[in-house]
Structure formats: C-alpha cells, structure tokens
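Visitor: Please show me the model, and then let me ask about the labels attached to it.

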Amino acid sequence: MRVLNTKNYEEMSALAAEIIGAQILLKPRCVLGLATGSSPIGTYQQLVREYQAGRLDFSCVRTVNLDEYCGLPAGSPHSYRYFMDHNLFNHVNIRLENTYLPNGTALDMEFEAQRYEMQIENLGGVDLQLLGIGHNGHIGFNEPSDSFPPTVHPVRLTSSTIHANSRLFDRIEDVPTQAITMGVGTILKAQRILLIAGPDKGEIVKKALYGKVTPQIPASVLQLHRDVTVITCEEA
C-alpha cells in the first residue's frame, strides 16, 4: 500500500487525475471503476481539463460505477447517473454506451445485483478502481456489518450515511434509504485501487489503514489488496 500526502484538496485531485490519466494512456481500452460524492469532483474536473487540452482520449474507455440509489425516478438530479454525466461523461469523448451503473429502478434488485456483477466480469474486470471513504469507513455503500459482502448487492443505508448525504437534498426525508452497490469482494477484484480521502476523513483513514481488518470498518479490507494507492490531504 502506498500512502501519498498532499497539501490540499486541489493537489490531491490533481494527483488522482494524473494516476487515472496514466492508466488511460497505458491502456486506452481500460475499465475504470468510478465513485461519486464530494471527494472525486475535483479529480473529474482535472480529467476534463486534460481532455480539453488534448492530453487524454476517452473514446475507448469503459466505466463501471460503484453504486446507485434505489427508487429515484429516471433523470433525477440526485441520481449517480446524473452526477457522472454532469461531472465527467458529458464533458469528454467517452461513449455513453460504455458507461455502466447499476439500475436503481429495477423491479427485482437481487436480479439486478447479479446482472451487474456479471456485467463487470464480461468487461474483463476493473483495471483501476477509484474509491472515496465514508466517515464510518464505508466504501461504495458497503456499510459496517458482521461480514464483507462478496458481490454486488442491495443495501439499506445507515442513519449516518443518510445524514452525510442529506446535504445534497432539500430535506433529509428525501434521501433514499436503500442503494445497490458493488460488494467488497467485487472491489477487491480490481487490478489496482486508488482511494482519495478529503480533509475531513483523517480519523477514519487512520483506523482503516493502520487498524484491525474488520467488516465494522469496511475500508480496512484494502490492507489485504496487492496494489492500493491512498491519497490524503495534510488537513486530514
């Protein structure tokens, strides 16, 4: 595991974009695992700038997202599909048919979980998985529990995660209480993992990287992966 400390969010985002950009240059037809939330926005903005400067080409890139809320109507500005379109996909030359997210409006979430797991496998697996980390140590929507979920699965969100995500909604009552997410086992299948942690995540990052490996802190499992890079801010 490599831990890189940066001075601020902007430097962290630039370094993360540099690592992702290098992956694209080395393997133009790579599969990127992508994350949502506040942490990766700066990284996506930097990737857009690199594309606009003619230094990156997304035309052959395939992407799979970690997760999606359940129950939001199609086109909802709170969906993770909208987030990805708004922050990255609409601003680069990626083919939208090569961008994959779980279907949060599927009638049968268990079947959708199996379908999405197979979708990732059919793409050949993830070359580089981008992750953020929640204040309770979740990665994707894998919340603290008694075991590490092995595959894509539907999940009921904890009150702490709902509260953290409520800043993006008009009312906390509007935040979905369920989601569908890659399992910890799915994440660990990625060839490389890149975790970025904003300035408010210092305490949980320390527990995840240097504490006991436990499903009560899902991100702690990254200690067992063969190729993980963690980028933090000095503020963290």
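What follows is a set of questions and answers on helix packing, aromatic rings and sheets.

Guide: Keep in mind that this is a predicted model.

Visitor: What makes the contact between H2 and H3?

Guide: H2 contributes Ile41, Tyr44 and Val48, while H3 contributes Phe83, Met84 and Asn87. By class, the contact of H2 with H3 has 5 nonpolar residues, 1 polar residue and no charged residues.

Visitor: How many aromatic pairs does a search of the whole structure find?

Guide: The search finds 5 aromatic pairs.

Visitor: Why is the pair of Tyr69 and Tyr80 called tilted?

Guide: The ring centres of Tyr69 and Tyr80 are 4.8 Å apart, with the planes at 35°. Rings pair if their centres lie within 6.5 Å, and planes under 30 degrees apart count as stacked, over 60 as edge-to-face and the rest as tilted. At 35°, the pair of Tyr69 and Tyr80 is therefore tilted. Tyr69 lies in strand S4 (residues 67-69) and Tyr80 in helix H3, 11 residues apart.

Visitor: Why is the pair of Tyr69 and Phe141 also called tilted?

Guide: Here the centres are 5.8 Å apart and the planes are at 40°, so the pair of Tyr69 and Phe141 is tilted. This pair links distant parts of the chain: Tyr69 is in strand S4, and Phe141 is in the loop between strand S6 (128-131) and strand S7 (153-156), 72 residues apart.

Visitor: How do you know whether Tyr69 and Phe141 are buried or exposed?

Guide: Buried means under 20% relative accessible area. Tyr69 has 2%, so Tyr69 is buried. Phe141 has 3% relative accessibility and therefore counts as buried. Tyr80 is buried as well.

Visitor: Which residues form one aromatic cluster?

Guide: Tyr69, Tyr80, Phe141 and Phe169 form the cluster.

Visitor: What makes S4 and S7 edge strands?

Guide: The open sheet has 3 strands in the order S4-S8-S7, with antiparallel pairing. S4 and S7 each have a single partner strand, so one side of each is left without a neighbour in the sheet. The twist averages 25° from one strand to the next.

Visitor: How do you know that S7 pairs with S8?

Guide: Two strands pair if at least two bridges are found between them. S7 and strand S8 (residues 178-181) are joined by 4 bridges and run antiparallel. Val155 has Ala179 as its bridge partner in S8, and Pro154 has Ile180.

Visitor: What makes S1 and S5 edge strands?

Guide: An open sheet of 7 strands has the order S1-S10-S9-S6-S2-S3-S5, and its pairing is parallel. Strand S1 (2-6) and strand S5 (99-100) each have a single partner strand, so one side of each lacks a neighbour in the sheet.

Visitor: How many bridges join S3 to S5?

Guide: Strand S3 (residues 62-65) and S5 are joined by 2 bridges and run parallel. Val64 stands opposite Tyr100 in S5.

Technical notes. Residues numbered from 1 in each chain as written. Predicted model: local features only at pLDDT ≥ 70, side-chain atom pairs only at ≥ 80, totals over all residues. Heavy atoms only, no water. Contact = heavy atoms within 4.5 Å. Nonpolar A, V, L, I, M, F, W, Y, C, P; charged D, E, K, R; others polar. Phe/Tyr/Trp six-rings, centres within 6.5 Å; stacked < 30°, edge-to-face > 60°. Buried < 20%, exposed > 50% of the residue type's maximum accessible area, 1.4 Å probe, protein only. Axes fitted to C-alpha atoms, helices over the stretch in contact; angles between N-to-C directions.
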